[in-house]
Amino acid sequence: MITHVAEASELSGRVVLWLDPESRCTPTVLEAPLRLARAYDAEIETIVVDQRADESGEVPFRRIGHVSLPDVPPVAYRFQLLAQRCRRTVEDAGRTHKVKVRHALAQGDAVDRISEMCLMRGPWNIVALTGTPAVGGQSVINSLLANVSGATGFLLCGDALKNRKTGVVVIVEDGERLPSMLRAAERLSLPGAAIHLVIGAETAAEHADLEHQARLLTADALPVVFAPIGPTFGVPGAMTEIVARMKPSFVVARFGGTAVADGRELSRASAAIQAPILLVR
Amino acid sequence: MVFWRNRSAKKADTPVVAEERAVEPAAQTEAASAQSSKTPPQPIPQTNVVTLVTSRLADRLADRLAGVATTAGQIEVQDTKTIKPPQVPTEPSPIAPSAQPHVFGQKRAVEKIRVALNAKPGEHVLILGEPGTGRLALAEELAAETARNAADDWIYVIERHTPTRAKAFAIPHGKAGDLVRDLRAAIDKATVAFERHTKSDEHRISLDLLEEEIRYLGDKAVDEVRRRAESQNIAVVKSLDGYVLAPMHEGRVVRSDVFRALPEALKRNVEAKITTLEGELQSIVATLPNVEFEASEKYEALVRQTALRAIRPSLVALKGAHEDDQSIVAAIDAVEDAFVASSTSGGAAGAQAAMPLNLAADDGDEARKVVTVRHVSPVELLGEIGRDALGRPAHVPGQLARAGSGFVIIEAWRLAADPMAWSALSAVLASREITPLSGPGLSIKADPVPLAATVILIADEPSWSKLEAIEPGVGRHFPHVAKLSSAVALADMPEVEYSMGAARLASDHALRPLAPSVAPIIYKDAVRRGGGRVSLSCTTLLHLLKDADAVAGARDATQIRASDVTEALAHRADGETP
């Protein structure tokens with residue numbers, strides 16, 4: 001849990017940044033994992049999972065849907081170039097944010113390799129995904145959570161950290177996780193900035209109960225603002241839209257909750273909110 | 001000495017002012033006797049030259065004598081008889097202007113024109129006559145007097161599905177201007193609202209979700225094949241612009257040396273699997289553009305909804321105000337459609353395409369009942385759809401449309417000088433429809449609208465012959481022909497009538513009123529010009545009266561008097577201008 005992060009942050013925490021060289025890898029996208037790493041004095045370790053095929057040999061290798069130009073570079077070569085570019089971008093951003101960056105290259109199934117990485121080093125890891133897979137996103141995260149005891153959270157990188165009107169938004173769905181989520185939000189917030197709490201409840205009674213708990217927990221703590229939002233009554237995507245309208249700079253939510261529910265909803269939420277979403281166990 | 005011979009020859013033509021001599025002293029005597037009993041005696045004048053007869057020759061002689069006496073001082077004044085004190089002349093009542101149009105002796109023609117102007121629209125009028133007979137002024141005056149039923153106004157809206165067409169909508173008379181103003185205001189508001197909506201969080205989120213939907217549908221289409229491939233140890237790897245199929249073992253793509261070591265049967269089996277999957281994947285990838293196309297339809301629907309949300313509130317109020325008039329409701333619907341369609345295809349450009357164009361009275365101009373065409377060209381006559389300074393479609397109505405159901409007066413010589421304009425006009429007369437032209441750089445075909453105005457063609461024989469030569473048979477469009485005479489017999493135009501007409505002419509042109517003594521002079525001049533008949537040339541008479549008015553003005557006279565006219569005639573005989 002993210003609680004472990006906060007408690008063990010003095011030591012060897014790590015943000016594992018899964019780079020897909022063929023997807024978007026810009027300084028804006030990278031800002032979220034770097035901010036997270038800096039908030040916890042952690043380092044970033046990138047991992048590029050190489051699934052390249054050997055085009056030169058006898059392996060039956062087919063390209064589909066590619067531009068049929070005669071001088072298309074081999075996939076492996078292109079992959080290599082793109083991976084280098086991504087790493088360079090991360091290093092530049094790391095220098096700017098004064099965060100240490102390491103790189104790792106793996107081959108084979110991405111989930112397996114990341115699981116192995118997280119198991120090798122601890123005590124905590126946050127896996128950052130530069131892009132949310134439209135299909136099977138939940139299965140990736142589920143697999144990692146199931147396989148890796150050291151993976152404490154996931155960060156879906158958004159690209160709109162600047163010009164946001166609200167600071168860090170915490171979607172509260174149970175009182176048990178709230179303290180740890182608040183600590184994470186506090187670290188991610190700018191000094192003196194308020195943390196916005198959104199009660200993610202489907203019914204009015206549940207909403208009142210959660211709000212009561214949240215107010216008790218935050219009574220003499222940080223500057224916390226309760227968003228004036230009622231229950232969602234189970235309307236799909238309602239919470240996503242509410243949070244998207246708030247234009248937060250960072251969202252902390254529980255993975256598998258009702259607010260950011262299944263895999264499809266996860267990718268929809270990431271697309272609509274456009275801000276980085278830190279998902280805790 | 002030639003001067004004196006010419007003068008005497010011209011004097012023979014100049015009417016004698018016997019009446020003035022007889023009347024003016026008598027009137028002055030009476031007035032003087034009346035004044036002498038009431039007013040103190042006037043001081044004796046310093047000059048002994050008294051001009052009682054305002055003859056030009058006498059004036060000149062008096063001036064010469066006075067000049068010689070004052071400059072040389074050598075000629076003594078011989079006439080030292082006591083001079084009567086000057087008496088303030090009392091001017092007689094001026095000639096009353098004729099109540100009828102000032103065209104003299106054209107009673108039959110005037111009557112004919114009146115009947116023609118009161119005929120149904122579409123029966124055009126041809127007024128034939130010599131230049132200077134007052135055809136244009138007569139046509140303008142008679143047309144202005146004629147009452148016409150108002151015709152419908154028209155507005156244009158660029159159609160949604162055919163952006164090259166400007167569809168015409170008939171609007172009840174007098175409502176087009178207000179309607180177009182209201183519609184333009186509604187479109188302006190809607191444009192602002194549309195921009196606001198498209199920048200709103202709601203719209204942004206919808207678009208983001210739509211993009212996500214496209215991505216999801218694309219990946220979902222491939223996902224099934226991917227799973228089946230993985231179950232057969234074939235990797236489907238997404239790359240930047242497509243997919244790669246390769247054999248896989250224990251979660252990793254097989255290296256070539258490993259693959260080489262495989263048994264031949266297994267190799268063939270893997271290749272067969274890959275070939276099968278390749279075909280499937282290719283067929284799926286081929287359908288991905290359809291997915292994107294469906295998504296683009298959703299995008300269009302989203303923008304359409306946003307556009308409707310922007311424009312509906314304004315148009316609902318307008319529709320409510322005109323709910324009884326189906327043609328207005330149809331026009332408003334067309335504007336709504338055009339706005340929505342163009343918004344989905346081009347954002348702000350949409351508002352331009354939706355801009356309604358007022359046919360009859362654009363830019364606040366009131367439709368005029370009588371339009372006299374001063375500049376003739378196809379564009380001037382038919383109008384043009386072009387672009388305004390802001391780049392929006394704009395309609396500049398032609399003279400035929402501006403007249404509405406009134407009259408369009410055109411001089412034939414202008415048309416004869418521009419055969420293109422005459423062709424355009426004759427086409428309108430034949431079809432009875434006006435089709436505005438498309439401006440440079442625009443391909444908009446406007447719907448024709450009915451010609452509601454009556455064309456009054458002012459022509460002389462040569463011009464009319466030219467026009468008929470250009471468009472043979474065009475005379476059938478002018479069922480009413482009125483011919484103005486250039487001269488009439490003395491019996492048909494007595495002096496009194498002529499002078500009243502002249503007084504009307506002077507009055508219409510803001511000249512001084514005519515003294516009664518003027519009548520015989522101008523009448524005699526008209527008879528002289530008519531060669532024994534009375535000339536009906538208004539232009540010549542007007543020029544004479546203008547000259548005489550200038551002379552009277554120089555003399556501070558309040559009326560044009562016989563002496564002024566005489567002097568004007570003398571000036572004209574000398575070839576001078578006052």
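**Chatting about chains A and B**

Student: How much area is buried between chain B and chain A?

Tutor: About 3400 Å², with carbon and sulfur atoms giving 56% of that. Buried area is the accessible area (1.4 Å probe) that two parts lose on being put together, summed over both. The model is predicted, so local features need pLDDT of at least 70 and side-chain atom pairs pLDDT 80 or more, while totals for chains, interfaces and linings use all residues. Residues are numbered from 1 along each chain as its sequence is written, chains are lettered from A, and side-chain values use heavy atoms, without hydrogens and water.

Student: Nice. How many residues are in contact there?

Tutor: 41 residues of chain B are in contact with 38 residues of chain A; contact means heavy atoms within 4.5 Å.

Student: And how many salt bridges cross the interface?

Tutor: The rule finds two, a salt bridge being a side-chain nitrogen of Lys or Arg within 4 Å of a carboxyl oxygen of Asp or Glu. B:E213 forms a salt bridge with A:R268, and their closest N and O atoms are 4.0 Å apart.

Student: Switching to helices: which residues make the contact of α8(A) with α7(B)?

Tutor: From α8(A) come A:E241, A:A244 and A:R245, and from α7(B) come B:D201, B:E202, B:R204 and B:I205. Helices here are DSSP runs (H or I, at least four residues), numbered from the N terminus.

Student: What about the classes in that contact?

Tutor: Two residues are nonpolar, none polar and five charged. Ala, Val, Leu, Ile, Met, Phe, Trp, Tyr, Cys and Pro count as nonpolar, Asp, Glu, Lys and Arg as charged, and the others, Gly among them, as polar.

Methods: Helices (H or I, at least four residues) and strands (E, at least two) are DSSP runs, numbered from the N terminus.
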